Amino acid sequence: MREVLTVYLCGVILLLAVSSTIDAEEDVGFDHIMIAAFGWPIFTSIMAFKVWSNR
C-alpha cells in the first residue's frame with residue numbers, strides 16, 4: 001500500500017509542477033488542473049481495465 005500511495009503522490013506533484021508552466025492565455029482553469037492531478041489514478045484504472053478486458 002505504501003508504494004501505491006507513493007506513486008499517487010508523485011503523480012500529483014508531477015502534474016501540479018507541469019501545470020505551473022501553462023500560460024494564462026491557454027484557458028486552462030484551476031479546476032481542470034485539480035481534476036487532472038487528483039483524478040488520474042481513477043482514469044488510469046478504468047483505461048487499464050478496458051484494455052485488459054479487450055484482450
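I started at leucine 14, which lies in helix H1; helices here are DSSP runs of H or I with at least four residues, strands are runs of E with at least two, and both are numbered from the N terminus. This is a predicted model, so I kept in mind that local features need pLDDT of at least 70, side-chain atom pairs count only at pLDDT 80 or more, and totals for chains, interfaces and linings use all residues. Residues are numbered from 1 along each chain as its sequence is written, and side-chain values use heavy atoms, leaving out hydrogens and water.

Is leucine 14 buried or exposed? I found it exposed, because its relative accessibility is 54% (buried is under 20% relative accessible area, exposed over 50%, partly exposed in between, with a 1.4 Å probe and protein chains only). I then looked up its C-alpha distance to alanine 37, 23 residues along the chain, and got 8.3 Å.

Next I turned to H2. Alanine 37 is one of its buried residues, along with Ile33 and Gly39. Helix H1 (2-19) is among the things covering them, with contact meaning heavy atoms within 4.5 Å. Gly39 also marks a kink of about 60 degrees, shortly before proline 41; the bend is the angle between axes fitted to the seven residues ending there and the seven starting there.

Last, I checked the whole protein. I counted 2 helices and 0 strands. The C-alpha trace spans about 40 × 30 × 15 Å along its principal axes. Of the 55 residues, 11% count as buried.
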